[in-house]
Amino acid sequence: MNEFEKRIEILYKERFGQLISLILQRFRQLPIDWAEDIVQETFAAASLHWPKTGIPENPSGWLYQTCKNKSINLLKKISKTADLSEAKMVSVAADEISEDGFKDAQLRMLMACCHPYLTPKTQVVLALKYVTNLKVENIALQFGAEPDAIEKMLYRARQKIKSESLILSSSLYGYSAERLSVMHKVIYLIFNEGFRQSGEKISQGKMMCEDALMLNKFLFDSSLCSPETKALQALMLFNVARFDARFDSQGNAIELEYQDRTLWDQSLIQLAGLILTESENSIFSPYHLEAAIACVHCAARKFDDTDWEAICKYYDVLLKVYPSPFAEINYAVALQYNHQNDKAFRILMDLHQNPYFNKQPILEQTLRKYYERTTMQHNAHPAGPGINYPNSGK
């Protein structure tokens, strides 16, 4: 991959959804799938022209201007009555294509995807597609579904938006607590996707985490802020505080047990703790429980000091209110460190029976580590109680 291809790939990841948002805001007559096609064509044009002319001084501005021109040309062809006067007057130096303008467009698109006429699941899938430009395969992984099912959901959503002439409003007002909850979920999934990145994608992953924090901070500072908003912010801060300690100089992942805890950002951990305390409410959300788990990890001066019993209790409650295969894997790991090997193994075997999730590398890696830890425990306490060796069938 040459310099131009790398730059275009990074811009595509960063700007795809933001450009769609800007185009839809400027040209209300355009259906979302047409706006998507225009942005795709614009990046294709960049891949052809930039190697010949060089990367523009303002590449994001070039992309926006090209999208705008293509939109105007398309609307001229299909409608003689379209009002394009305002769009023509917007120059490439307009505030909406500054860095802040792109970030604002990202938040507006998130809000737009939470249209009340769409189901909550459809809202989340649309947001993951158009706010963060996740690939369909990655979205499917988040839901434990087949990619074909996600493709069909996106198609039906686009058709519904077109057939019912839904306007993807970018207004902050009028969103109920239910809409806010969907926005929280999307931000949470954006953060998780970034946090899982490794290898060459570490920098992109960190950028996604920062985007999620920025989006939630906007809600945090607004009149929409709720205890759930605060708990989610605390959860993300606890995890971001440990981000740099998760990889070695070659980009290889370092397990929690072997991380250099002096690299953890104590100021962020302290801030997260304060926000978590402020978020306390009579009803605890999944974000409260996950933030509490992260808080326990951050409180341990070394790995052996970790309060695994407390973590297991939090996971037990979390899985009752918000079941997730990823949470189950983490619960199984915590159970083993809390010397409940049999229960941990049963959870992992149940996940292994899932026809979709059993294909995921994380499950295979967790099972391998399970056997390694079980063997180590047995060697350390060969006659000790509670060390059982379930038959894996292998």
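Me: How many helices and strands are in the chain?
Reply: The chain has 17 helices and zero strands, taken as DSSP runs numbered from the N terminus (H or I, at least four residues, for helices; E, at least two, for strands). This is a predicted model, in which local features need pLDDT of at least 70 and side-chain atom pairs count only at pLDDT 80 or more, while totals for chains, interfaces and linings use all residues. Residues are numbered from 1 along each chain as its sequence is written, and side-chain values use heavy atoms, with hydrogens and water left out.

Me: What is the mean pLDDT of the chain?
Reply: The mean pLDDT (the predictor's confidence in each residue, from 0 to 100) is 84, and 87% of residues reach 70 or more.

Me: New topic: how do the axes of helix 15 and helix 16 cross?
Reply: The axes of helix 15 (residues 325–337) and helix 16 (residues 341–352) come within 8 Å and cross at roughly 155 degrees. The two helices are therefore roughly antiparallel (an angle over 145 degrees).

Me: Which residues make the contact?
Reply: Among them are Pro 325, Ile 329 and Leu 335 of helix 15 and Ala 344, Ile 347 and Leu 351 of helix 16, contact meaning heavy atoms within 4.5 Å.

Me: And what share of the chain is buried?
Reply: Of the 394 residues, 48% count as buried, that is, under 20% relative accessible area with a 1.4 Å probe, protein chains only.

Me: What about contacts between residues 24 or more positions apart?
Reply: They account for 66% of the chain's contacts with a separation of 6 or more.

Technical notes:
Axes fitted to C-alpha atoms, helices over the stretch in contact; angles between N-to-C directions. Parallel < 35°, antiparallel > 145°, perpendicular 65-115°, else oblique. Buried < 20%, exposed > 50% of the residue type's maximum accessible area, 1.4 Å probe, protein only.
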